[in-house]
Amino acid sequence: MGAKVKPVQPTEIKMKKYLFITALIILSTLIACAQKNRTDNNTEIKNQIQGKNMKNVLIAYFSCTGNTRSLAEHIAQASKAELYEIKPKISYSSEDLNWRNSSSRVNIEKNDPSFRPAISDNAKNMEQYDIIFLGYPIWFGQAPNIIYTFLESYDFSGKTIVPFCTSGSSPIGTSASNLHKICSDNTTWLSGSRFAGNTSRSEIVTWINGLGLNITAE
Ligand SMILES: Cc1cc2nc3c(=O)[nH]c(=O)nc-3n(C[C@H](O)[C@H](O)[C@H](O)COP(=O)(O)O)c2cc1C
């Protein structure tokens, strides 16, 4: 007597087909993930060889007499990062900057903390940056109002901000902690540093490398 062959049901064939396709999808996803990891590792190694940062870094700065600009340029060159100047729509003349004159523009702005001087050009693609170095001069012990305009213009959630400033002699003081207050809880805010206007590039490199940000400065 021959063995009885059970006829294969069409639903069974469908089921097997379905399982086969699912297995195929899972397998190709796993292969794609493995390839992506390998590509990421390769890019990381290449970046390390070329001295590039793995993180996208922006140096945003405001400067009227060039001191903060010079520092921002050192940071950008040392860490191979992009520079963005926070340019006021109406630039400050030397009379505007005359802090001794109680009716000068800087004094008027200082006396109205809610005043936000307009910025002429927005930073492009802010969403692409992971770390933003934010540079400003100390005015009357604080950051100029335009830095508040800048911070209120973007969503810095998930980003790291590193404040730095220049001054005649004042420390960074409460200028940075006051700026921090207006950022979302999701923003990582590093304690800032104050520099003299003539700080050298090598001092800046030492500072950047000591920040523990996993960005390479020369
Ligand atoms: C309106 C105004 C207020 C200032 N207030 C202070 C201050 O409180 N403490 C200080 O040490 N320097 C003060 N300075 C000096 C600047 O902080 C210093 O010159 C700074 O490096 C200028 O930066 P910049 O060249 O990038 O504009 C003030 C300068 C101006 C124009």
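Predicted model: local features only at pLDDT ≥ 70, side-chain atom pairs only at ≥ 80, totals over all residues.
How many helices and strands does the secondary structure of the protein chain come to?

1. **Overall make-up.** The chain comes to six helices and six strands. Followed along the sequence, these elements give the pattern α-β-α-β-α-β-α-β-α-β-β-α. The chain has 218 residues, and 37% of them count as buried. If you take the contacts between residues at least 6 apart in sequence, 75% join residues at least 24 apart.

2. **Helix α2 on its own.** I would look at α2 (residues 67-79) next. This helix has 13 residues and reaches 19 Å from its first C-alpha to its last, close to the 18 Å expected at 1.5 Å a residue.

3. **What α2 packs against.** The buried residues of α2 are T68, L71, A72, H74, I75, A76, A78 and S79. Their packing partners include the strands β1 (57-61), β2, β3 (131-137), β4 (160-166) and β6 (193-195). Helix α6 is also one of the elements that these buried residues pack against.

4. **The α2 and α6 pair.** How do these two helices meet? The axes of α2 and α6 (residues 201-209) come within 9 Å and cross at roughly 60°, and the crossing is right-handed. On the α2 side, the contact is made by L71, H74, I75, Q77, A78 and S79. On the α6 side, R201, I204, V205, W207 and I208 take part. By residue type, this contact divides into seven nonpolar, three polar and one charged. Several of its α2 members also count as buried, among them L71, H74 and I75.

5. G197 is found in the loop between β6 and α6, and counts as partly exposed at 22% relative accessibility. Leaving aside neighbours within four places in sequence, G197 is in contact with N67, S70 and L71. L71 also belongs to the α2 side of the contact with α6. For a sense of sequence distance against space, G197 and T65 are 132 residues apart in sequence and 9.9 Å apart from C-alpha to C-alpha.

6. **Salt bridges: E85 with R69.** A search of the whole structure finds four salt bridges. One of these joins the side chains of E85 and R69, at 3.0 Å from N to O. E85 lies in strand β2 (residues 82-85) and R69 in helix α2, so this pair ties together parts that are 16 residues apart in sequence. Are these two residues buried or partly exposed? E85 is partly exposed, with a relative accessible area of 22%, and R69 is partly exposed as well, at 26%.

7. **Salt bridges: the R105 network.** D96, R105 and E109 are linked in a network of salt bridges. The side chains of R105 and D96 meet at 3.3 Å, N to O, while those of R105 and E109 meet at 3.1 Å, N to O. Why are R105 and E109 separated by about one helical turn? They are four residues apart in helix α3 (residues 105-110), so about one turn separates them. As for burial, R105 and D96 are both buried, and E109 is buried too. In general, side chains of opposite charge can pair when their charged atoms come close.

Definitions and conventions. Residues numbered from 1 in each chain as written. Heavy atoms only, no water. Axes fitted to C-alpha atoms, helices over the stretch in contact; angles between N-to-C directions. Left-handed = near helix turned anticlockwise from the far one by under 90°. Contact = heavy atoms within 4.5 Å. Nonpolar A, V, L, I, M, F, W, Y, C, P; charged D, E, K, R; others polar. Buried < 20%, exposed > 50% of the residue type's maximum accessible area, 1.4 Å probe, protein only. Expected span 1.5 Å × (residues − 1).
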